[in-house]
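User: I am new to this structure and would like to learn how to read its nonpolar features. Please guide me through them.

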Amino acid sequence: MILIQNGRVVDPVSGINENMDVLLEGTSILSVGPDLSAPDAQVIDASGLVVAPGLMDVHVHFRDPGFTYKEDILTGAKAAAKGGFTTVVCMANTKPAVDCPEILRYVQKKGESADIHVLQAAAVSKGLKGEELVDMEVLADAGAAGFTDDGIPLMNERLLLDAMKKAKELDLPVSLHEEDPLLILEPGVHQGRVSRQLGYGGAPREAEDVMVARDCMLALHTGASVCIQHISSKHSVELIRTAKQMGADIHAEATPHHFTLTEEAVLQYGANARMNPPVRTEEDRQAIINGLQDGTIDMIVTDHAPHSAEEKAMPLSQAPSGIIGLETSLGLGIRSLVEPGYLTLLELMALMSRNPAKFYRMIPGSIAEDAPADLVIFSEKEYWRADHFISKSSNSPFTGWELPGKIYYTICGGKIVYKG
């Protein structure tokens, strides 16, 4: 048994935001209330700390199988635990891709040894080639959390329409990477003032906007539950807002780098600020924040994308896109959204735990009797230095930043899986 005393319980499911004790027994929460006692329990004094449901990141790349020199399921899970996450959903762009039950079962089996809950999305198209639909029913029966070709846009509208119809039938979500490659001169950097300064072709907003417009309408007409991944364009935010008003079951993710950084970050951090889609202008950043405020954007995800130091040391035009994010996500959420007054901490927790779980057809974690004993305990205002990453990789523009939200404990299945 674990008795967490004197903590500020922040639960986006119940709306509770007050001091109370939490008693864990086995893999569940036994009771919640004031002045709890359990003589034989391990006691955690959470005075001055926040006790919240474990965070959920529904967009991570653990690079396993195929690229385990960058990350693997077990190291990725440890990085997630350090960041306060108790559940993640891995993307399907591994090598081989997760397009058949055998590869899905490999991840599931290895995930059973991880410190946290590791779920796996399946690919939409075989081999991520965008030409032939996977057997979605077989993959759903095998336990796929949803479907995505993330990292590669689906350009074949007929295939995507069929995928959405089948996903609707299976009641599983489809998540989409929205960048038209025909409109991109060079990826990873916003096409604008900084790209011109660098003599780099860049990726314009319209590469995202045209895809989002198309897929909002496909979602509307099929009734499928669709997520626009890692949204970056102010116009795309407005398109999703409009599609929701029209009745589409459309959702969107925002990453900490897209609501924290702008294109100027490329001048300071080089390839460690190169990502697809790119960070854009202050107008785009503010539009994303507004979308988080009014519910247009439902989820905060990291798009945790590890790469080796050697890969990121290559010239900007040759370096791979993507950054790690699991260990800095909560701190950046507090720094960029809560501290400036854009969101309350309760609203941030909803974006980082309740909403992602609902989208993936899971019962959201809660601080309530009989709920799973998956929790994070952190100090909202205590600062810590973002370095010494647990991830195999360290490709992050946030290295060395002083961030709020120091994590003291992550508890998953009633076990302490991280202690800060």
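This is a predicted model: local features need pLDDT of at least 70, side-chain atom pairs count only at pLDDT 80 or more; totals for chains, interfaces and linings use all residues.

Analyst: Residues are numbered from 1 along each chain as its sequence is written, and side-chain values use heavy atoms, with hydrogens and water left out.

User: Which residues touch the most other members of the largest nonpolar core?

Analyst: In soluble globular proteins, nonpolar side chains tend to be buried together. A nonpolar core is a set of buried Ala, Val, Leu, Ile, Met, Phe, Trp, Tyr and Cys residues joined through side-chain atoms within 4.5 Å; buried means under 20% relative accessible area, exposed over 50%, and partly exposed in between (1.4 Å probe, protein chains only). Here the largest core has 81 residues, and Leu-348 and Phe-378 touch the most other members. Another core, of 19 residues, lies apart from it and includes Val-266 and Leu-316.

User: With which residues is Phe-378 in contact, leaving aside its neighbours within four places in sequence?

Analyst: Contact means heavy atoms within 4.5 Å. With those neighbours left aside, the partners of Phe-378 include Leu-49, Ile-334, Met-349 and Tyr-408.

User: Is His-304 buried or exposed?

Analyst: His-304 counts as buried because its relative accessibility is 1%. Beyond its neighbours within four places in sequence, His-304 is in contact with residues including His-59, His-61, Glu-71 and Ser-391.

User: How does Val-210 count at 40% relative accessibility?

Analyst: Val-210 counts as partly exposed, because its relative accessibility is 40%.
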